[in-house]
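Biologist: I am new to reading protein models. Could you take me through one, feature by feature?

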Amino acid sequence: MNVRLSALFLTTLLLTYGCKTAKTLSTTTSFTATITDEGFINCFTAGTTLNNQPIWCEASAVLYDGKNLFLANDKDMPAGQSPVFTKTLSALGDSTETPVYLTQPTFSAARKYEDFARTPDGKFILLTTAFDRVKEGSHDWDGYNTILYWRSGDEQHPYVLAPDNTSTTSMSYRQQIAKLLADAAFPAGMPYFKIEGLAATDKQLLFGIREEGKSYENFSYKAKVISVTYRIEKHNNVDRIRLANDWRIINNFDVASAHPELPKPLALSSLEYDPYNKQFWMLTSMEANGKLDAYLWTISATDLYANRPFTLVRDAKRQPLHTPGHKAEDLTLLDASRLLLIHDDDRARTTVGTRTRQPNQAAYTIITVSPQKTRRSR
């Protein structure tokens, strides 16, 4: 009898352990990465000023649509130019090619762009601002709370993502996000938050939260991902994107706890869906005591929605792939094996090789990635 009970107990224990192990098996494909190119992009003519002050190119968003590169500067630009512009990939570092500025008023009305996204079918491109400020009793800062979208190839006709066809900003979603991020300290809703990531699947938009707290002076760094379902509706023969009211937090990744050996504070600066490899890429960046850096991560959709940790991308020597001296702000896929990172180094005179950044330039890095077909348990 004792032998039977012992055998039964051992069998139950093994089955229980096996089930738990299976549940924690990661579905994320690990990647080996190598930096294969670096350089500077000329965002506008050297010496460009606004209100008699020199303008710096603080590039914060980038997207490759298979034909052109779209870039966004998070600073205002003088009349006749725009914070959103395009360049050809072949002339990425060519200082003689003038960018094509998207001068439609819709692009100039929104302020502080942070991330592009493209739907997996390639039909739509989206661009979000930071949502990091409002002015009580005034609409002056509503432009900081805007999501734009347009049909691929038709960037001359951008639309504002909103519940209706007449809104000029996406302010209507701000309160929904604030309530979603509510916590014990702010049960009525998060007073301050900052969006720096945007990704699109075939059914949902995912936003990456970098900061949240009481105000821009009192906040915590985050790597949090929230989601909302979208659909396409036809209005007057125009495709309009509409959001459901099913916002939820799907992943709250604690970088410091997962990798205490990495520098601090690292927080989300980009989130992108990779339709080639069916995974997501995330950048976390830091700016502390004059030090700029960023790290690359990946995760499968299953792991992301299960609130599992992101996987740190490493080089061939198994060291974390990062960009010392540059604050990678966004990334885009050039193809199945190459990522283009754009750096927002603020006004720092950063370097690439022997070259020093000028105010009208932004640094970029191209990374080549190779999948490692191994799964691992957490």
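This is a predicted model: local features need pLDDT of at least 70, side-chain atom pairs count only at pLDDT 80 or more; totals for chains, interfaces and linings use all residues.

Biologist: Which residue does a disulfide join to Cys57?

Modeller: The general idea comes first. A disulfide is a covalent bond between the sulfur atoms of two cysteines. Here a disulfide joins Cys57 to Cys43, with 2.0 Å from S to S. Cys43 sits in the loop between strand S1 (30–42) and strand S2 (49–50). Cys57 sits in the loop between strand S3 (53–54) and strand S4 (59–64). The two cysteines are 14 residues apart, and the pair links distant parts of the chain.

Biologist: Is Cys43 buried or exposed?

Modeller: Cys43 counts as buried, at 1% relative accessibility.

Biologist: What is the handedness of the link between Cys43 and Cys57?

Modeller: Look at the angle about the S-S bond. The angle is -60°, and the link is left-handed.

Biologist: How many disulfides does the structure hold?

Modeller: The structure holds 1 disulfide.

Biologist: Now salt bridges. How many does a search of the whole structure find?

Modeller: For a salt bridge, look for a side-chain nitrogen of Lys or Arg within 4 Å of a carboxyl oxygen of Asp or Glu. The search finds 17 salt bridges in the whole structure.

Biologist: How far apart are the closest N and O atoms of Glu196 and Arg210?

Modeller: They are 3.8 Å apart, and the two residues form a salt bridge. Glu196 lies in strand S12 (residues 192–200), and Arg210 lies in strand S13 (residues 204–215). So the pair ties together parts that are 14 residues apart in sequence.

Biologist: Is Glu196 buried or exposed?

Modeller: Glu196 counts as buried, with 2% relative accessibility. Arg210 counts as buried too, at 6%.

Biologist: Which residue meets Arg111 in a salt bridge?

Modeller: Asp76 does, and the N to O value is 2.7 Å. Arg111 is in the loop between helix H2 (105–109) and strand S8 (113–118). Asp76 is in the loop between strand S5 (68–73) and strand S6 (84–88). This pair links distant parts of the chain, 35 residues apart. Arg111 is partly exposed, with a relative accessible area of 27%. Asp76 is partly exposed at 34%.

Biologist: What is the N to O value for Glu233 and Arg231?

Modeller: Their side chains meet in a salt bridge at 2.8 Å. Glu233 is partly exposed, with a relative accessible area of 22%. Arg231 counts as partly exposed at 41%. Salt bridges can also share partners. Such bridges join Glu58, Lys75 and Arg347 into one network.

Biologist: Let me step back to the whole chain. How many helices and strands does it have?

Modeller: The secondary structure comes to 5 helices and 25 strands. To judge how compact the chain is, compare its radius of gyration with the globule rule. The radius of gyration is 22 Å, close to the 21 Å that the rule gives for 378 residues. So the chain is as compact as a globular protein of that length.

Biologist: What percentage of the residues count as buried?

Modeller: Of the 378 residues, 52% count as buried. The chain exposes about 17,400 Å², and carbon and sulfur atoms supply 51% of it.

Conventions. Residues are numbered from 1 along each chain as its sequence is written. Side-chain values use heavy atoms; hydrogens and water are left out. Helices (H or I, at least four residues) and strands (E, at least two) are DSSP runs, numbered from the N terminus. Buried means under 20% relative accessible area, exposed over 50%, partly exposed in between (1.4 Å probe, protein chains only). A disulfide is a pair of cysteine sulfur atoms within 2.5 Å. The radius of gyration is taken over C-alpha atoms; the globule rule is 2.2 Å times the number of residues to the power 0.38. Accessible areas come from the Shrake-Rupley method with a 1.4 Å probe; for residues, only the protein chains shown count as cover.
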